[in-house]
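Subject: Structure for you to look at

Dear colleague,

I am handing over the structure we spoke about, and you will find it just below. My notes on what was found in it follow, and I would be glad if you read them with the structure open.

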Amino acid sequence: MRILVEPSDYILRNAGDMAMMQVAVERLSAAWPQAKIRILSDVPERMPAYAANAQPLDSAGRQIWYRPGFLAGRLEAHLPPRLCERIRRFEWILRQRQPQIVAAILRRKLRWAGCATDALDEFLAAVTSADLVIANGMGGITDAFTDYATELLSTLALAQWHGVATAMVGQGMGPLDDPALRALAQQVLPKVDFISLREQRAGGPLLRSLGVRPERLLTTGDDAIELAYTQRAAALGDGLGINLRLSAYAAVDEQLVA
């Protein structure tokens, strides 16, 4: 069995995302100890050894695949914005429905530039030949991370087009108001075989509004809690921890913190 893991943290700097990745990979390994698990990463040399049958996969090929402008190239800088938007949309459709054509174009461009095609070929094989493509815990499908969300949904769509099972676990979904991103989510998410949510209040209604069937959803909470649970003290303490994410995309500022 071949499993490809799409993480949220490609550079291994977000402790929470790494914790969710660790739990997901350990669970996959326990469920399928003979499976070959690959985890996409920008820094594969730094990937922790989460399981004996899990290995990093350099995301260089993924970056090549989603690099915009492969049709118009340098001409795009001289085209009207509306035309560029239509070209990008057509590129996305080609990636999903005619990946062989896109791959041939990209390989030719790489060879013209004197670059190898191995990374691109490895990424495409990992997606289209997998038995399961799974996104581990994250809050990535949201307007704050439009580019990442678009690429992740596109990877799931590519897998689905080739008959590969897809799943998403430990997900925090939304807000999702960007028209193009929402339209893409509405195409892809209802076809995901299983989605587990970190919370039900916002994520559940959003997914149902996008056409995801209730029987494909399960609210589990945050997967990273498992790591804390395994290290819990024998007796319950008297403290309560609260996390405030002070960042622009979380809409939290100093005044709100105070």
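**The pockets**

The largest pocket has a volume of about 990 Å³, and please keep in mind throughout that this is a predicted model. Its lining is made up of 29 residues, and those that lie nearest the centre of the pocket are Gly139, Phe145, Arg198, Arg245 and Tyr249. Helix H1, which covers residues 15–31, supplies the largest share of that lining with 3 residues. By residue type, the lining of the largest pocket divides into 13 nonpolar, 9 polar and 7 charged residues.

The second largest pocket has a volume of about 640 Å³. It is lined by 19 residues, and Arg88, Arg89, Trp92, Thr150 and Ala180 are the closest to its centre. Two or more residues of this lining come from each of H3, H6 and helix H7 (179–188), and the largest share, 6 residues, is given by H3. Here the division is into 7 nonpolar, 4 polar and 8 charged residues.

**Two helices in contact**

Helix H3 (residues 81–97) and helix H6 (residues 146–161) also meet each other, as their axes come within 8 Å and cross at roughly 35°. On the side of H3 the contact is made by Trp92, Arg95, Gln96 and Arg97, while H6 contributes Ser154, Ala157, Leu158 and Trp161. Sorted by type, the residues of this contact comprise 4 nonpolar, 2 polar and 2 charged.

How many disulfides does the structure hold? The number is 0.

Although Ala15 and Ala224 are 209 residues apart along the chain, their C-alpha atoms are separated by 9.7 Å.

With best regards

Key. Residues numbered from 1 in each chain as written. Predicted model: local features only at pLDDT ≥ 70, side-chain atom pairs only at ≥ 80, totals over all residues. Heavy atoms only, no water. Axes fitted to C-alpha atoms, helices over the stretch in contact; angles between N-to-C directions. Helix = DSSP H or I, 4+ residues; strand = E, 2+ residues; numbered from the N terminus. Contact = heavy atoms within 4.5 Å. Nonpolar A, V, L, I, M, F, W, Y, C, P; charged D, E, K, R; others polar. Disulfide = S-S within 2.5 Å. 1 Å grid on protein atoms, 1.4 Å probe; cavity = no way out; pocket = protein on both sides within 12 Å on 5 of 7 lines; lining within 4 Å. Points joined across faces, edges and corners; volume = space filled by probe spheres on them.
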